[in-house]
Amino acid sequence: MAASCPLPVTPDLPTLRAKLQGLLQFLRDALSISNAHTVDFYTESVWEELVDLTPETVLTALRKSASEAEARPSETRRLVEAEGEAGVTDFPKIFCETSQKLVSVEAFALAAKYYSIQNLGICTPFEQLLVALRGNQNQRIGETQKAVEFMNMKKSHEVQAMSELISSIADYCGIKQVIDLGSGKGYLSSFLSLKYGFKVYGIDSSNTNTHGAEERNRKLKKHWKLCHAQSRLDVNGLALKMAKERKVQKEVKNKADIEEAFNSSLTNQEKMSTSDISPDFSGSVISNIRNQMQTLHSQPHQEENLCFENSFSLINLLPINAVEPTSSQQIPNRETSEANKERRKMTSKSSESNVYSPLTSFITADSELHDIIKDLEDCLMVGLHTCGDLAPNTLRIFTSKSEIKGVCSVGCCYHLLSEEFENQHKERTQEKWGFPMCHYLKEERWCCGRNARMSACLLPTESLFYRAVLQDIIKDCYGITKWKLTAPINTTHIDQKYRDGRRILHSNGNQRRTESASVAQAGVQWHSLNSLQPPLPSDRHVGKIYSKCSSFLDYVRRSLKKLGLDESKLPEKIIMNYYEKYKPRMNELEAFNMLKVVLAPCIETLILLDRLCYLKEQEDIVWSALVKLFDPVKSPRCYAVIALKKQQ
């Protein structure tokens, strides 16, 4: 271990489990909001089922809560103190005990804020960790190259922050090899290799990414060398300019000294002999010139050449033998230049071992690294925004392989995590799941649900509104619910019911009274839909077409076509009547979407706490922590899970 400074103290396993217990108590009721699918928002009457307040009340309360969050943090602090004293957080009533509907938005927002990672006090400050890792040593001297020159702003921010942490961990552990899982385009791997000199293996499951990373790394190396050359020119140019300015100033000063001495000698020439001038002159001006030339010799060679040319103009003003000849050691010569070239060659040879090698392999928790990396040695395993199960698998590989001495993992795409206790009725052969990882949540058989895990990746409200109304159109006009064909449709019966101002919902034969007179007035020829639509394939979905559409009508037409439904048989007036019908209720969807946004940090807290508890449960891990690595405005998935093993 290269440093002996103690690492920051982090919460122990019992403390983390106590935090988990309180979080689960809140989420048991709140998850119904996160798991509600906005696609079914209108067809399933989600608002009426889950919220016992008006949309206006919810929106007003949430906006007020957001504006007062920083102005009045005392309530959150009070809850933290209460939990420390009693072990249980006592929130005001949030959900109705009988209906389970939301009844207090203020208490809901307060609880969600309390259970965010930052407020739980389970994060280790980034700067504090860096100071501890570096100890009394100076920071590794890297180049001044700006990564932003060949990355976008977000990626540059992420790569520079994470590479700085990885470099500090590697120095702390005395490690030179890094394995980057899910390396993608290779930005982090290339930066670690080029700037910090690590031997990096970037492993990605996509062969396209691997080949792309190789080509990109080649271009980055060329770009890096050019930028370094330009950087050296800029530094040397600035140094020469400053040295030149200093020489001019000193030259002017020395000329003034000489003139003053000379005038003084003329004034006193009757009292002093010519032989007396040289000692006085030598004692004042010559001493100054010698000091000046000693200063010049301490400058870089590029500065010396220029500065000595300027300084020699002073010699003509001095008496013969006033300045002693400089030694050969002080004058830059060809031998010195050759020595510099030889040193650069040696540096270049030593840097050849610092390479980035992109590899293609699909990584699982059981992957054998020796089969992928032939010269595997003590190393760090890292991952920048590793997707889905790759993040938890990174931690499992770290705990199972003795060569991996440390891990730094930033996960993302929580909605792609596999859950052990989700869809338990299905036959499954998978043994290692993305969630949960720790013993406590496994014992609780806890399940978040895909919609809850996806709640942090919400689309704009209008996009969700379009999709929810489209679902109602598909259900009414095509008889499809949950992508399965309903019972045979008697279109004549439907037509009559619409003319009566009622609408049949083909969901288990139930009927619900609705306001559909405007739809009936359109005079739809329902017999045109007499032929039953075939069931939709399970892999067919609308996808991200909202940004490509000019209007709701265009959105519906494109969506139906993509789903394989005959959109030509649905008149424009019917489509727009659905839009006009639900437009006044758009605030319901907006308010519900806001509730999901407020709850999203709690879902992330649960997932990250699960991973941290898993690491705390391992016997050979001496230190583990959560660190807020990035600015959440620039990079929302900003938390890194870090752990170190015992050093042998």
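Q: A salt bridge is a side-chain nitrogen of Lys or Arg within 4 Å of a carboxyl oxygen of Asp or Glu. By this rule, to how many salt bridges does the count come?
A: The model is predicted, and side-chain atom pairs count only at pLDDT 80 or more. Side chains of opposite charge can pair when their charged atoms come close. By the rule above, the count of salt bridges comes to 19.

Q: How many residues apart in sequence are the parts tied together by E44 and K475?
A: The side chains of E44 and K475 meet in a salt bridge, 3.9 Å from N to O. E44 lies in the loop between α1 (13-35) and α2 (46-50), while K475 is in helix α18. The pair therefore ties together parts whose separation in sequence, in residues, is 431.

Q: Where do K432 and D366 lie, and how many residues apart in sequence are the parts they tie together?
A: The side chains of K432 and D366 meet in a salt bridge, 2.8 Å from N to O. K432 sits in the loop between β6 (404-412) and α16 (439-444). D366 sits in the loop between β4 (356-360) and α14 (369-372). The pair thus joins parts whose separation in sequence, in residues, is 66.

Q: Is D366 buried or exposed?
A: The cut-off for exposed is over 50% relative accessible area. K432, its salt-bridge partner, has 38% and so counts as partly exposed. D366 has 57%, so D366 counts as exposed.

Q: What is the relative accessibility of K569?
A: The side chains of D566 and K569 meet in a salt bridge, 3.7 Å from N to O. D566 is partly exposed, with a relative accessible area of 27%. K569 also counts as partly exposed. The relative accessibility of K569 is 35%.

Q: Which residues are linked with E48 in a network of salt bridges?
A: A salt bridge needs a Lys or Arg nitrogen and an Asp or Glu oxygen. This network holds E48, one arginine and another glutamate. The residues linked with E48 are R585 and E588.

Q: How many aromatic pairs does the structure hold, and what is the geometry of F191 and Y196?
A: The structure holds 17 aromatic pairs. In one of them, F191 and Y196 are 6.5 Å apart, centre to centre, with 75 degrees between the planes. F191 and Y196 are both buried. Planes over 60 degrees apart have their own class, so the F191 and Y196 pair is edge-to-face.

Q: Is the F465 and Y466 pair stacked, tilted or edge-to-face?
A: F465 and Y466 are both buried. Their ring centres are 6.5 Å apart, with 50 degrees between the planes. Stacked needs under 30 degrees and edge-to-face over 60, so the F465 and Y466 pair is tilted.

Q: Over which ring does the charged end of K645 sit?
A: The charged end of K645 is 4.9 Å from the ring's centre. The ring is that of F398.

Q: How many of the eleven residues of helix α15 are buried?
A: Helix α15 (residues 390-400) is mostly covered.

Q: How far apart in space are M381 and I397?
A: M381 lies in strand β5 (residues 379-387). M381 counts as buried because its relative accessibility is 0%. Among its contacts beyond four places in sequence are I397, T394 and L369. M381 and I397 are 16 residues apart in sequence, and their C-alpha to C-alpha distance is 8.9 Å.

Q: Which helices are included in what covers the buried residues of α21?
A: Helix α21 spans residues 552-562, and its buried residues include F552, Y555 and L560. G564 follows α21, with a positive phi near 80 degrees. The cover over the buried residues includes α18 and α22.

Methods. Residues numbered from 1 in each chain as written. Predicted model: local features only at pLDDT ≥ 70, side-chain atom pairs only at ≥ 80, totals over all residues. Heavy atoms only, no water. Phe/Tyr/Trp six-rings, centres within 6.5 Å; stacked < 30°, edge-to-face > 60°. Buried < 20%, exposed > 50% of the residue type's maximum accessible area, 1.4 Å probe, protein only. Lys NZ or Arg CZ within 6 Å of the ring centre and 35° of its normal. Helix = DSSP H or I, 4+ residues; strand = E, 2+ residues; numbered from the N terminus. Contact = heavy atoms within 4.5 Å.
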